[in-house]
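Try each task before reading its solution.

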Amino acid sequence: MNFDNTYAKLPINFFAEVSAQEFSNPSLLAFNKDLAEELGLDLKDMSPEELALVFSGQTLLEGSQPLSMVYAAHQFGNFVPQLGDGRAMLLGEVVNPQGKRFDVQLKGSGPTPFSRNGDGLSALGPVIREYIVSEAMYHLGVPATRSLAAVNTGDYVYRREGELPGGVFTRVAASHIRIGTFQYFANKGNLEALIALLDYSIARHYPEINEQIKESNEALNPALMFLKSVAKAQVSLVAKWMSLGFIHGVMNTDNTTVSGETIDFGPCAFMDNYYSNKVFSSIDSNGRYSYTNQTSIVGWNLCRLADCLIPLMSKDRDDAVKLLNSELSQIGALFKQEWLQIMSAKFGLVAKSEDEKLINSFLDYMEEEQLDFTLSFRNLTEVLDGKESEHFHETESFKKIKENWFSRLKEEDLTNKQVIEKMNKSNPLYIPRNHQVERAIEKANDGDLSVFHEMNKVLKQPFTYQEELDQYSVPPEPEQEVKATFCGT
Ligand code: AMP
Ligand code: MG
């Protein structure tokens, strides 16, 4: 790997230098060759044994400067002044042939100065889950961190379920800067560090801001422009989640990146039957991060970023607050616009404001009839030619939905074939269904990786029918349904 580390050059109070714990017998479970190629990594000559040592932190490649980052967070609404990578270490950054910079990070490689009472380790289960779900997100077209490798450490970890095989996950991200990273320094009142973090984040993720400032005759405000950029990225991300029935589960500010990538696939899940207030996380007893609440929590989290930016805005605090508030007040409308566009495409439409009614009436219908979110959208094309589909009950509300939809389609001037093509690009057939993820984990714990590999394969082309793997499109039987998922921490 051609490391080119920049975070390590930031002041020392941004991170801690760390090293991995020793493991008994690391073995490679998966290595994402396609991603390695995209990153321009030259690891072709390495054996699986060598790769297992590298991706469990036992062997350090030249140029690697392992570090754990510090950050704070609002967790379920409560401020925690210091968290940090308690079980993660950054190996370093690589720049791909297209000039894009990525973090390569190990998760589950042992304790760090930020582990608090944790062991710094990960069970194999969460490694398998994150590997499958983050790759699936990427192939579904959702910005997400990616999976480069999964290793079985050969040692056990101890969790409430008892003794479990341990694993290390290798995550690739645009960066690991979170809203919580800003909160850490803002809470300490460390203006110098905040300025350095803002400069670094702009240069790394939104370099166009610096260009605009250079070219403009007016005095533009970088902190305000940064908030606008992060807001745009986060709003677009959450709209995509909503369009796929995805529930992140723990939208704390430490799990909210400034890059706008989905990060941390703990108690997350794609819904089977549609239920607007669905919650998966076993620790989310108040439903703070339910499916529907995600649309407002994204704004709440951006308000926390804005809090941190106040001292970077202007000497006059009232002035700063006014400017930031005016930006924040646009988030609702921005979200609506993104959501409308992405949801309308699921009906083969180019968004018009009136489509909100059609979308909501279809969501209500799915909820009333307890229909599967993914298959209902995918099967909508079956009723296009006026025929009845086995998937839908012809209730009065469904008839109205069709009437409304067909009259909107008439305005679009597309053939049925074109509409179907368009819809099939917006409505996936395969999502990482939770009962299958659980099955992949159970089997992997027994040393059988068949389901894990099959899921990775089918989810590489989520919009394309794949006969031999079509079982992965099927929703769970009631007894297979997974009601809650755990952090695995
Ligand atoms: P997460 O729920 O994965 O976003 O983690 C929240 C915080 O807990 C982060 O600071 C993690 O680094 C930390 N954490 C989670 N699991 C462990 C563990 N097993 N050991 C140490 N720290 C952990
Ligand atoms: Mg996290």
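A polar contact here is a pair of N or O atoms within 3.5 Å; within protein, one must be able to donate a hydrogen and the other to accept it, and residues adjacent in sequence count only if both atoms are side-chain atoms. This is a predicted model, in which local features need pLDDT of at least 70 and side-chain atom pairs count only at pLDDT 80 or more, while totals for chains, interfaces and linings use all residues. Residues are numbered from 1 along each chain, chains are lettered from A and ligands numbered from 1 in the order written, and side-chain values use heavy atoms, without hydrogens and water.

**Exercise 1.** Find polar contacts of ligand 1.

*Solution.* Start with the backbone: a polar atom of G84 is 2.6 Å from an oxygen atom of ligand 1. Next, a backbone N or O atom of L121 lies 3.2 Å from a nitrogen atom of the ligand. Then turn to side chains, where an N or O atom of N255 is 3.1 Å from a ligand oxygen.

**Exercise 2.** Which residues coordinate the magnesium ion (ligand 2)?

*Solution.* Look for donors (N, O and S atoms within 2.8 Å of the metal, or 3.2 Å for Na, K and Ca; water is not among the atoms, so sites may look incomplete). They are N255 (OD1) and D264 (OD), at 1.8 to 2.2 Å.

**Exercise 3.** Are N255 and D264 buried or exposed?

*Solution.* Apply the cut-offs: buried is under 20% relative accessible area, exposed over 50%, partly exposed in between (1.4 Å probe, protein chains only). N255 has 11%, so N255 is buried. D264 has 18%, so D264 is buried too.
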